[in-house]
Amino acid sequence: MARDEKNHLFILKGDRNMKGISIGLLAGTMALGISACSSTSDHSKGAGDSGTPGPGQPAAVKTDPVEINIYSNNNASEQVFNENYGNALRKAFPQFTINYIQSKAGSTLPEMIASKTRIDIFWTSIGNYETALFEHGLQFDMTDLIKKHGIDLNRLEPTVIEAMKQISGGKMYGLPVSTNTLTLFYNKDIFNKFGVQMPTTDMTWDQANELARKVTRVENGKQYYGIASSRDHIIRMNQLSVPNVDMATKKPTLTTDSRWKQLFETVFITPSADSGYRDGMTKLKNFPALDQFAKEQSLAMLVYPNTLPTSVPNELKTFDWDIAPMPTFKELPNVGSQSYPVYFGLTSQTKNKDEAMELLKFMVSEAYQNELAAKGVLPIVQSDSTMRLLGTNTEFKSKNYQAMISRKFAPITPKVPEYDTDVFRFYRDQALPLAMGQTDINTAFRIAVEQAEKVIQEKGKK
């Protein structure tokens, strides 16, 4: 594994190692099952010194029991939280009472604010994270606490740190714990059935779409689809790094930046050009997606977040599949998707800030990150030894997990938290009618821009 100095990433020569519906749901679907690996003694020292700790020393925290409420608006259940994070945190910090509050009827974020229920730590994915913080005034700059607790941000993937600073004017409202990327999953049985070559590690989108055409067909009454991409993710995490809104003018970019046309034509319109493909979408009332890949096994290639193996493990045991790097645009060789990190952060309501910060420090520790990687979760630390562990403690460890991390991350696009999510949805909603040939690209983009301009104007008045 070699380090790409310009992008500060560890790169394998063939593929990248490691990640709704908000994409925040991805955090909820990661089956981490992590056990704590460090002693709790460092986390339970007395609070005799309130200043900055010496090198290698943890910040002083209270020995008295404290209660810490962790909340996410991604609808993850308590079971999912415990498997992903809660069990490990409680084992590492037995002196703390760690509560998870699930977002559901009665405890939505607006209801939490109205009832004055304290949120000590907020977690969800980029985009959803900052939007929620700003909308409800929950943002809290952790810069001084990060320094006080000896957290070295240089150990972490730089694009996600810069993305947080971009939306906060240089502040640190969230600390990344894991991330996500897009990769190509493919059904080897379909390629073998039709005698077509398997996807390679160096495919461009043009080559992937040409390969897809060779397996897009009807066989014994069953429609086979060559390639499809998870719609929301490939727009959110687009390789071209085109933003939804121009940061200078605060105007939608869909009709002013030609890269959007290139993206939509490449990943939505071209793959669905076959009439049978479109007939299949008509029946599905959607793009072929995870069900067609893992359950019906009619989709040959799926561009999807790296969390797929933990999303449908039982279905993946029923056929022969593998992992390849995401196809690239020829003008951006070896550039994959944007990183899509999961952030945890203290809020303006946090009561025991030092104690809450120690939880976050633990979550970016090398031991914890090693566990994440082994479980198939893309770690946030820049460590080749950690990256080599990717997927080694999964039931699919024979699969090419290294393909997930062979591409460089595309730069994360700047975002305007107040309305970026709304604008994204308007763009996204035009993908299906375009792919099905129900509209043309100029009309679709014009409609989306009109909707986006309206919401930007309305929110600008508040």
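1. Helix H8 (residues 205–215) lies across S8, strand S9 (222–229) and S10, and runs at about 170 degrees to S9. Axes here are lines fitted to C-alpha atoms, for helices over the stretch in contact, with angles running from 0 to 180 degrees between N-to-C directions; contact means heavy atoms within 4.5 Å. Helices (H or I, at least four residues) and strands (E, at least two) are DSSP runs, numbered from the N terminus.

2. This is a predicted model, in which local features need pLDDT of at least 70 and side-chain atom pairs count only at pLDDT 80 or more, while totals for chains, interfaces and linings use all residues. Residues are numbered from 1 along each chain as its sequence is written, and side-chain values use heavy atoms, with hydrogens and water left out.

3. The open sheet is formed by 5 strands in the order S8-S9-S10-S7-S11, with mixed pairing, where two strands pair if DSSP finds at least two bridges between them. Strand S8 (217–219) and S11 stand at the edges with a single partner strand each, so one side of each has no neighbour in the sheet. On average, neighbouring strands of this sheet are turned by 30 degrees against each other, direction ignored. Within the sheet, strand S7 (residues 182–187) and strand S10 (residues 299–305) run antiparallel and are joined by 5 bridges, and Leu 182 stands opposite Pro 305 in S10.

4. Thr 216 sits in the loop between H8 and S8. Is this residue buried or exposed? Thr 216 is buried, because its relative accessible area is 12% (buried means under 20%, exposed over 50%, partly exposed in between, with a 1.4 Å probe and protein chains only). A polar atom of its side chain lies 2.8 Å from the backbone oxygen of Ala 212, and the side chain of Thr 216 also reaches the backbone nitrogen of Gly 226 at 2.9 Å. Not counting residues up to four places away in sequence, Thr 216 touches residues including Tyr 225, Asp 274 and Tyr 277.

5. Pro 325 is placed in the loop between strand S11 (321–324) and strand S12 (335–338), and counts as buried because its relative accessibility is 1%. The C-alpha atoms of Pro 325 and Pro 199, 126 residues apart along the chain, are separated by 9.2 Å.

6. Leaving aside neighbours within four places in sequence, Phe 264 is in contact with Ile 235, Leu 254, Ile 269, Tyr 427, Ala 431, Leu 434, Ile 441 and Phe 445.

Key
Polar contact = N/O pair within 3.5 Å; in protein donor to acceptor, adjacent residues only side chain to side chain.
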